[in-house]
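Hi everyone, thanks for making time for this. Let me put the chain up on the screen, and then we can walk through it together.

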Amino acid sequence: MNENSSRSAPSSFDPALHLLPAPVAIIGVRSGDELGGLTAAWVTRVSIEPPLVLISIGHERHTWDMLEGAGEFTVSVLSEGQVPEARLFGRHSRRDRDKWAEVEHVLLGGGSPAMARCAARWLCRIESRFTTGDHDCIVGRVQEAEVVDGGPALPMRGADYAGD
């Protein structure tokens with residue numbers, strides 16, 4: 001890497017960073033009687049023992065607000081054929097639309113929603129949370145995990161599932 005490339009503007013990093021493989025997942029959360037969720041690309045396993053995963057949620061998201069007081073969340077890893085679901089949860093806010101009413105789902109743990117059909121799903125108890133730039137990273141201890149339909153998982157393809 002030459003000296004000039006390390007001083008590039010952050011937006012110039014995007015093409016290279018988008019090559020990092022990541023599955024598309026829907027994060028589910030319950031706050032009182034409200035079910036929330038969003039499409040997340042930044043989901044990763046961070047520990048084998050104990051089983052921990054990390055999700056990264058933007059501060060402007062309604063689901064971020066809902067996760068503030070939550071004790072748990074779900075992760076539904078989408079299958080390749082679930083682009084419409086990825087777009088539903090990535091392009092619409094719970095502030096304006098009850099996305100869970102539009103998809104078949106199950107409730108796990110204390111009532112957190114997860115996709116009924118997906119590659120796999122996990123129920124996670126929130127262990128820790130820390131701020132990283134414009135996102136919060138939330139570490140969850142996996143309480144339940146199951147392969148539902150199996151892989152392959154839907155891969156993240158840039159902004160395909162967010163925005164208009």
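**A look inside the chain**

So, of the 164 residues in this chain, 43% are buried. Please keep in mind that this is a predicted model. The chain holds three helices and nine strands, and from the N terminus the order is α-β-β-β-β-α-β-α-β-β-β-β. Taking contacts between residues at least 6 apart in sequence, 67% join residues at least 24 apart.

Now to the inside. In soluble globular proteins, nonpolar side chains tend to be buried together. Here the largest nonpolar core has 20 residues, and those touching the most other members are Ile 27, Val 43, Ile 55, Ile 57, Leu 67, Phe 73 and Val 75. Strands 1, 2, 4, 5 and 9, along with helix 2, each give two or more residues to this core. Take Leu 67 as an example: among the residues it touches are Val 29, Ile 55, Ile 57, Phe 73 and Ile 138. There is also a second, separate core of 16 residues, including Val 24, Ala 41, Trp 100 and Cys 118.

Let's finish with Thr 63, which sits in helix 2, residues 62–68. Is Thr 63 buried or exposed? Its relative accessible area is 3%, so Thr 63 counts as buried, the cut-off being under 20%. Beyond its neighbours within four places in sequence, Thr 63 contacts Val 29, Gly 36, Gly 37 and Leu 38. And Ser 93, 30 residues away along the chain, has its C-alpha atom 8.4 Å from that of Thr 63.

Notes:
Residues are numbered from 1 along each chain as its sequence is written. This is a predicted model: local features need pLDDT of at least 70, side-chain atom pairs count only at pLDDT 80 or more; totals for chains, interfaces and linings use all residues. Side-chain values use heavy atoms; hydrogens and water are left out. Helices (H or I, at least four residues) and strands (E, at least two) are DSSP runs, numbered from the N terminus. Buried means under 20% relative accessible area, exposed over 50%, partly exposed in between (1.4 Å probe, protein chains only). Contact means heavy atoms within 4.5 Å. A nonpolar core is a set of buried Ala, Val, Leu, Ile, Met, Phe, Trp, Tyr and Cys residues joined through side-chain atoms within 4.5 Å.
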